[in-house]
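Q: Could you walk me through how to read the features of a protein model? I would like the general idea and then the case at hand.

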Amino acid sequence: MTFVQNPSPTPVLSDRLRERLVSLGIAIAAVGSDGRLMPLDDMSPIERLIIKAPAFIATVRRHWSQISQCSGEAVRVWPGVWLVPMPTARRRRVVTKNQLMAVAMLFDHDLLDSEHLHLLCDQQELDLKATLARIDRDSLMTRSEVDRMAKSLGWMKQDSVELDRRVFELQTMSQQLAESYEELSLMYKLSSNMMVNQTPVNFLDEACTELQQVVGLRWLSLQIVDQELGLGELAGSIFEAGDSPVSTEALKRIGVELIEQIRADPKTQVLDKLDERKIENLTTLGDHLLIVPLVRGEKLFGMIFGAEKLDNSHISSIDSKLCSSLASTMSIFLQNAMLFEDMQGMFMGTLHALTSSIDAKDSYTHGHSERVAQVSRALADAVGLDAHTCDRIYIAGLLHDVGKIGVPESVLCKPGRLTVAEFELIKQHPEIGARILKDIQQMNDLIPGVLYHHERWDGNGYPHRLAGESIDLFGRILGLADAFDAMSTNRTYRRALKHQDVIDEIVRCSGTQFDPTLVDLFLKLDFEPFFDLVLTHQASHKGHDPISTGSLESDSS
Ligand SMILES: [Fe+2]
C-alpha cells in the first residue's frame with residue numbers, strides 16, 4: 001500500500017507541534033474520511049503494520065464521523081488503539097469529508113491481547129511472539145492515561161494554533177508596518193521638500209525620483225498638460241525617473257493621449273490590454289501601466305504613470321494607494337506654490353512701487369533703491385550667505401531709505417549744501433524707516449539693515465555711532481552698496497564719479513567708513529549687472545533727469 005502526500009493546501013499540523021509530538025514519542029498521522037492514515041513522521045514497524053491493515057482502515061472509516069467531530073476526546077478505533085483528533089482550527093469544528101485532519105495514535109495494554117493484531121500477524125505471516133516483543137511496553141497506557149494524554153494533546157494543540165495565529169498576526173502587522181513606514185517615509189521626505197522656497201520644478205523632479213524608487217517601478221513619469229490652471233512654466237512639462245523604454249518625446253506624446261482618454265473618468269488604475277487603447281507605441285511601455293491622475297479641484301491637469309516592477313511582481317493596490325496619496329500631496333503643493341508665487345509677485349510689485357515712490361521724491365536718485373538692493377545681494381552672495389538671506393538683503397536694499405518718506409521733499413531735493421539743521425532731518429531717516437518696519441512682523445529681520453546703513457566702521461556714522469562688527473552685517477553691506485551707487489550716479493550736489501575713482505575712494509575708506517573684509521569681496525564683484533540696471537533706469541527716466549555714471553561716461557569715451 002502506498003501513502004499519498006497531504007493534498008491539503010494548509011498543513012494539518014504545524015511544524016512546531018509536529019516536532020513536539022515526535023519528541024514525546026507519539027505517532028502522528030493525517031487521516032481522511034476513507035480511513036487511511038498517512039504518517040506525518042517516522043512510525044514504528046508495528047504502527048505501520050497496523051495503519052496499513054485493511055481491517056484497521058475499515059474501522060477508522062466507520063469511526064470517521066466520531067473522529068471528525070473533534071470533540072477533544074480519544075476515539076477507540078481498535079482494541080488497544082486510540083486516535084486523538086487534532087483539529088487545525090482553534091475552536092472545535094467538524095472536518096468535512098474531503099479534508100484531512102491530524103490524529104495522534106495512542107496505545108493501551110489491550111493491544112497485546114488483541115485478536116485483531118493476532119489475525120494481522122497471521123495474514124502477514126509474521127511471528128506473533130516476535131511481533132509482540134517489538135512493542136515498547138513502557139509506551140502502553142492505561143485507559144485513564146489515554147484520557148489525560150488526549151486532554152493534554154488538545155491543550156497543546158490549542159496553544160499551538162493560538163501561537164500560530166499570533167505569529168501570523170505579527171507577520172501581517174510587520175508587513176503592514178513596513179509598507180506604512182515606506183509610505184510615511186516618502187510623505188515625510190516630500191513634506192520636508194514642500195517649503196515655499198523650493199521651486200515646483202525641483203519638488204516635482206525629486207518627488208518623481210523618490211516615488212519610482214519607493215514603489216520599485218522600472219520607470220515613472222509625471223506629466224503636466226493643462227494650461228488653464230495658472231501653472232505657468234509647468235504647463236506642458238514632463239518629469240522622468242528610472243529607465244523609460246521610449247524617448248522623452250515619445251513618452252510625452254503617449255502621455256498626452258492617455259490623459260485625454262482618462263479625462264472623462266480620472267481615477268488611479270492599473271491598465272492592461274494596452275493594445276486596445278489605440279495609442280501608438282503604448283504597448284512598448286510595458287504589459288501593465290499604473291496611472292495616477294493629478295487633479296486640482298475637479299480639473300485634471302496631469303498624470304503620473306509608470307510600468308514594470310523591478311522585482312517582476314505585479315503592481316499592487318498598495319503601490320496604487322501610495323502613488324495616489326503622493327498625487328494628492330503634489331496637487332496641494334502645486335496649488336500652494338502657485339498661490340505663493342502670486343502673493344510673492346504682488347508683494348514684490350508693491351515693494352518696487354513703494355521704493356520707486358521714495359526714489360521719486362528726489363529725481364536724482366531714480367532707481368537708487370533697486371540698484372542698492374542688487375549690489376547688496378551680490379555682495380551678500382560673495383560673503384557666502386545662503387540664498388534666502390541674500391533674498392532678504394535684496395528686500396532690505398529696496399527699503400533701506402523708506403524712512404525718507406518722513407523727510408521734507410524740500411530738504412531731500414535741495415541743491416547745494418545742507419544746513420546743519422537740514423542734515424539733522426536727513427539723518428533721521430534710518431530711524432524713521434526702522435519705526436515703519438517695526439509693526440510689520442514679516443520685515444523685522446530687515447530693520448537692522450535699514451537702521452544701520454549709515455553707520456561707519458570707525459564709529460563716526462549715524463544714528464547710533466556703532467563701530468566695527470557691532471554694526472549689523474546687513475547694515476555694513478547696505479552702507480557699502482549705498483555709497484557705491486551714490487558715488488556712481490549724479491547727485492544734486494555733484495556729478496557722478498568715474499568708476500575707477502569710485503573704486504579708489506572705496507579702497508581709501510576701507511577700515512574707516514567701510515568694513516575692510518567686505519571691501520575686499522566688493523572689489524571682486526562683477527559690476528556689469530549694475531551698469532545694465534543703470535541703463536534700464538536711464539531709459540525709463542529719459543527726459544527727466546541726468547542719471548549717469550562716471551563709468552558709462554568713461555566707457556563711451
Ligand atoms: Fe540712506
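A: Let's begin with pairing: two strands pair if DSSP finds at least two bridges between them. Strand β1 (residues 27-31) and β5 meet that condition, pairing in the antiparallel sense over five bridges. Within that pair, V31 stands opposite M101 in β5. One thing to keep in mind throughout is that this is a predicted model.

Q: Which strand pairs with β5 over six bridges?

A: The general idea is that strands of a sheet pair through backbone hydrogen bonds, either parallel or antiparallel. Here, strand β4 (residues 81-86) pairs with strand β5 (residues 101-107) in the antiparallel sense, over six bridges.

Q: Is β5 mostly covered or mostly open?

A: To judge burial, we count C-beta neighbours: a residue is buried if 20 or more other C-beta atoms lie within 10 Å of its own. β5 is mostly covered, with seven of its seven residues buried. Looking at directions, M101, V103, M105 and F107 point one way from β5, whereas A102, A104 and L106 point the other way, and all are buried.

Q: What about β6: how many of its residues are buried?

A: Seven of the eight residues of strand β6 (residues 217-224) are buried, so β6 is largely enclosed by the rest of the structure. With strand β10 (residues 299-309), β6 pairs in the antiparallel sense over seven bridges, and Q223 stands opposite M303 in β10. With strand β7 (residues 238-242), β6 runs antiparallel and is joined by five bridges; there, L222 has F239 as its bridge partner in β7.

Q: Let's turn to helices. At what angle do the axes of α8 and α10 cross?

A: For a helix pair, look at the approach of the axes and at the crossing angle. The axes of helix α8 (residues 200-215) and helix α10 (residues 317-359) come within 11 Å and cross at roughly 175°. Angles over 145 degrees count as roughly antiparallel, and α8 and α10 are therefore roughly antiparallel to each other.

Q: Which residues of α8 and α10 meet?

A: On the α8 side they are P200, F203, L204, A207, L211, V214 and V215; on the α10 side they are D319, L322, C323, L326, M330, F333, L334 and A337. By class, this contact of α8 with α10 has 14 nonpolar, no polar and one charged residues.

Q: Why does L354 count as partly exposed?

A: A residue is partly exposed when its neighbour count falls between the cut-offs, 12 or fewer for exposed and 20 or more for buried. L354, which lies in helix α10, has 15 other C-beta atoms within 10 Å and is therefore partly exposed. L354 and V402 are 48 residues apart in sequence, yet their C-alpha atoms are 8.3 Å apart in space.

P529 belongs to helix α20 (residues 528-540) and, with 14 C-beta neighbours inside 10 Å, counts as partly exposed. P529 and Q374 are 155 residues apart in sequence and 8.4 Å apart from C-alpha to C-alpha.

Q: How many helices and strands does the protein chain have?

A: The secondary structure comes to 21 helices and 10 strands. Of the 557 residues, 33% count as buried. Among contacts with a separation of 6 or more, 63% are between residues 24 or more positions apart.

Methods
Residues are numbered from 1 along each chain as its sequence is written. This is a predicted model: local features need pLDDT of at least 70, side-chain atom pairs count only at pLDDT 80 or more; totals for chains, interfaces and linings use all residues. Helices (H or I, at least four residues) and strands (E, at least two) are DSSP runs, numbered from the N terminus. Axes are lines fitted to C-alpha atoms, for helices over the stretch in contact, and angles run from 0 to 180 degrees between N-to-C directions. Angles under 35 degrees count as roughly parallel, over 145 as roughly antiparallel, 65 to 115 as roughly perpendicular and the rest as oblique. Two residues are in contact if their C-beta atoms, placed from the backbone, lie within 7 Å. Ala, Val, Leu, Ile, Met, Phe, Trp, Tyr, Cys and Pro count as nonpolar, Asp, Glu, Lys and Arg as charged, and the others, Gly among them, as polar.
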